[in-house]
Amino acid sequence: MAGHEIPEPADRKQVADPMSDPQAVEETRHSCDPAFRHGVVVGFDGSTSSERALAYAIGMARRSGSGLIIVHVANRLPTTVWAGCEPPVFVDVPDHRTEVLGLELACADYLSEVPWVLVERGGDICHELEEVGREYSADAIVVGSTHGIVGRIFGSVAGRLARRAQRPVVVIP
């Protein structure tokens, strides 16, 4: 399984054709709030590891005087079993966890020190964190380390992200 990438969903809509008009592509990339440009992206799912990553990212954003982009990647479940060489088909599952996390974060006193925004995405965690980092021209991406057998077997998000990201990745133990 090493080196295998999860394919992009077939139903993902392309906003602009990259070959037709480079100006249009640039405009769609910069649709994020300019107050958070060059901020700190942090992956957050409510786990202990992601809470430690959030705490570090808050300090990092505060010290650099930038905004904090908190990213929650919603679950995607395989709908088919691997058969031969066929890749699985993934379906987006309604994930109300983002709403719950957003409410918890809105009530948190420790986030009052920095401007922050919660972004929900669906898909491969590594790809989505890097994509949000690219959209916001983030200075760094902060993630928590994976503890457990699943991370050891399939590779941790932090390890995969550190190998392919185009910006600094900070992994918090």
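**Exercise 1. Two sides of a helix**

The face of α3 turned away from its buried side carries exposed residues. Work out which residues these are, which residues of α3 are buried, and what covers the buried ones.

*Solution.* The structure is a predicted model.

Step 1. Start with the outward face. Glu-99 and Leu-103 are the exposed residues there.

Step 2. Now list the buried residues. Helix α3 spans residues 97–106, and Thr-98, Leu-101, Gly-102 and Leu-105 are buried in it.

Step 3. Look down the helix axis. The buried residues of α3 fall within an arc of 100°, so they line one face of the helix.

Step 4. Find the cover. It includes helix α2 (48–64) and the strands β2 (68–74) and β5 (116–122).

**Exercise 2. The largest nonpolar core**

Find which residues of the largest nonpolar core touch the most other members. Then find which element gives the most to this core.

*Solution.* Step 1. In soluble globular proteins, nonpolar side chains tend to be buried together.

Step 1. The core has 19 residues, and Val-40, Val-42, Leu-54, Leu-68, Ile-70, Leu-111 and Val-142 touch the most other members.

Step 2. Ask where the residues come from. At least two are supplied by each of β1 (40–43), α2, β2, α3 and β6 (140–144). The most come from α2, with 6 residues.

Step 3. Zoom in on Leu-111. Leaving out residues up to four places away in sequence, Leu-111 touches Ile-58, Leu-68, Ile-70, Leu-105 and Trp-116.

Step 4. Look for another core. A second, separate one has 16 residues, including Phe-36, Tyr-136, Ile-141 and Leu-161.

**Exercise 3. Salt bridges**

State how many salt bridges are counted. Then examine the partners of Arg-121, Arg-164 and Glu-131.

*Solution.* Step 1. The count comes to 7 salt bridges.

Step 1. Take Arg-121. Arg-121 pairs with Glu-128, and their closest N and O atoms are 3.4 Å apart. Glu-128 is buried, at 2% relative accessible area. Arg-121, Glu-128 and Glu-135 are linked in a network of salt bridges.

Step 2. Take Arg-164. Its partner is Asp-124, with the closest N and O atoms 3.8 Å apart. Arg-164 lies in helix α6 (residues 157–164) and Asp-124 in the loop between β5 and α4 (125–135), so the pair ties together parts 40 residues apart in sequence. Arg-164 is partly exposed, at 28% relative accessibility. Asp-124 is buried, at 14%.

Step 3. Take Glu-131. Glu-131 bridges to Arg-134, with 2.2 Å between the closest N and O atoms. Both residues lie in helix α4, 3 residues apart, about one turn of the helix.

Methods:
Residues are numbered from 1 along each chain as its sequence is written. This is a predicted model: local features need pLDDT of at least 70, side-chain atom pairs count only at pLDDT 80 or more; totals for chains, interfaces and linings use all residues. Side-chain values use heavy atoms; hydrogens and water are left out. Buried means under 20% relative accessible area, exposed over 50%, partly exposed in between (1.4 Å probe, protein chains only). Helices (H or I, at least four residues) and strands (E, at least two) are DSSP runs, numbered from the N terminus. The arc is that of the directions from the helix axis to the C-beta atoms. Contact means heavy atoms within 4.5 Å. A nonpolar core is a set of buried Ala, Val, Leu, Ile, Met, Phe, Trp, Tyr and Cys residues joined through side-chain atoms within 4.5 Å. A salt bridge is a side-chain nitrogen of Lys or Arg within 4 Å of a carboxyl oxygen of Asp or Glu.
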